[in-house]
Amino acid sequence: MSLVKLLYEKPEKTLFTTPSHGQKLAIYEPLREMYKIDISETECQDPQEALERAQLRARAIYHTYSTTFLTNGSTSGIIAAVLSCTQVGDKVLIASNSHPCHFNAVRLAGARALTYDLEIDPEWGVPLETKPDVIDYYLSRYNIRTVIVTSPSYEGIISDIEEIKSICEKHSAFLIIDEAHGALYPFSDNLPLSAVNIADFTVQSLHKTAGGLNPTALLHCNCEIDVKPALNMFMTTSPSYPLLASIEANINYLDSREGRKEIDNLIIRLDKIRSKCRGCEFFGDDPTKVLIRVPGISGFELSEMLYEDFGIEDERTNEKSTMLLCGLGTDNKKLDRLQHVLSKL
Ligand SMILES: Cc1ncc(COP(=O)(O)O)c(C=O)c1O
């Protein structure tokens, strides 16, 4: 039985177990429906088994060695991946502008971070891709155990992960790809190539672009390493089964014909917006991220104009450009509004 279904099954026993609310009390009324399905690991319900099966099905969807559901964001996936393949004292190569969880993961593993700087595009103010020859340079000189690369970047810049993986293989280093912003990639040929079948470990946030609840995420593994011992070191022993069930439903939707169609429709709509709105310029490798600039004004001025004059809040801004994030849930009404506003710039 799926995890989603199991949560609605009535237990066959009277439970004197955690959680004490017993799916009936709802102290915080707006979450009443959530209390109803907030179950624990009881013998008669056994959600762990349903979770195991859901993760096995996820493995088949993504064609991975393992796919683990995370309820503490990509942050927990990066930490678990680093802990799984790095020993105390090992060197880990990361970009200096990486998300703080990369540095924290290295610290928690008792490893040492070696950093390199990404080039910043002078016209757009965004960090560019990780160059394979930079990785080769470091791996040839230092005894590096693990490499972490963020692709896509926050702004949708893609690195050549296939080339980087072959360099890592040449030097017997593990490759972790932070694909936190690319959870849609496995489900459309019109999106950049996902790392899930390339890197040793790939981490994706479902909550960023894939319509998931905060802070749902996935840790994919392609090598024969069990990530559970690492996760068990810092994850709760009482996970939220409603959140875990939402992950099961989320990836089934992404993999469905309807979900794939929704992703492709979004890409088509955004392509049209790009071709129609001639007053601004567009950049980036990921068609779901609307990275724009308007000649003559700074990214910060553009961001302020969008916010104050048009009631639009962007995801991220720099001196040169600003980025509006789209994904599952960016409906036609929002896209109409975006087109209307961008056509005025
Ligand atoms: C590139 C990158 N990696 C990892 C994370 C952490 O993701 P989460 O919020 O799912 O823990 C973020 C969050 O913004 C991010 O931008």
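## Two domains

Domain bounds here come from an automatic or database domain assignment. For this protein chain, that assignment gives domain 1 (3-255) and domain 2 (258-344). The C-alpha centres of domain 1 and domain 2 lie 27 Å apart. The contact between them draws on 22 residues from domain 1 and 25 residues from domain 2, where two residues are in contact if their C-beta atoms, placed from the backbone, lie within 7 Å. On the domain 1 side, helix α10 (residues 241-255) gives the largest share, 3 residues. That side of domain 1 divides into 13 nonpolar, 6 polar and 3 charged residues; Ala, Val, Leu, Ile, Met, Phe, Trp, Tyr, Cys and Pro count as nonpolar, Asp, Glu, Lys and Arg as charged, and the others, Gly among them, as polar.

A word on the model itself: it is predicted, local features need pLDDT of at least 70, and side-chain atom pairs count only at pLDDT 80 or more, while totals for chains, interfaces and linings use all residues. Residues are numbered from 1 along each chain as its sequence is written. Helices (H or I, at least four residues) and strands (E, at least two) are DSSP runs, numbered from the N terminus.

Let's start with β4 (residues 144-150), a mostly covered strand: 7 of its 7 residues are buried. A residue is buried if 20 or more other C-beta atoms lie within 10 Å of its own, exposed if 12 or fewer, and partly exposed in between, with C-beta atoms placed from the backbone.

Two strands pair if DSSP finds at least two bridges between them. β4 pairs with strand β2 (residues 91-95) in the parallel sense over 3 bridges, and leucine 93 has valine 147 of β4 as its bridge partner. Strand β5 (residues 174-178) also runs parallel to β4, joined to it by 5 bridges.

β4, helix α7 (residues 161-170) and β5 make a right-handed β-α-β unit. Right-handed means that, with the strands pointing away from the viewer, the path from the first strand over the helix to the second runs clockwise.

## Around the ligand

The ligand has 13 residues around it, and the closest are Gly73, Ser74, Thr75, Ala180 and Ser205. A residue is near a molecule or strand if its C-beta atom, placed from the backbone, lies within 6 Å of it. Helix α4 (residues 73-85) supplies the largest share of this shell, 3 residues. By residue class, the shell divides into 5 nonpolar, 7 polar and 1 charged.

β10 is joined by 2 bridges to strand β11 (residues 322-325), and the two run antiparallel. Threonine 317 has threonine 322 in β11 as its bridge partner.

Then there's histidine 340, found in helix α13 (residues 332-344). Why does histidine 340 count as exposed? Because it has 12 C-beta neighbours inside 10 Å. Histidine 340 and isoleucine 273 are 67 residues apart in sequence, yet their C-alpha atoms are 9.1 Å apart in space.

Two cis peptide bonds are worth a look. One joins threonine 18 and proline 19, with omega about -5°; proline 19 sits in the loop between α1 (3-6) and α2 (32-36). Another runs from serine 151 to proline 152, with omega near 5°, and proline 152 is in the loop between β4 and α7.

Positive phi values turn up too. Glutamine 23, a residue other than glycine, has phi near 65° and lies in the loop between α1 and α2. With 17 other C-beta atoms within 10 Å, glutamine 23 is partly exposed. Aspartate 46 is not a glycine either, but has a positive phi of about 50°. Aspartate 46 belongs to the loop between α2 and α3 (47-62) and is partly exposed, with 14 other C-beta atoms within 10 Å.

## Asparagine 197

What does asparagine 197 contact, leaving aside its neighbours within four places in sequence? His63 and Asn222. Asparagine 197 lies in the loop between β5 and β6 (201-205), and is partly exposed because 13 other C-beta atoms lie within 10 Å.
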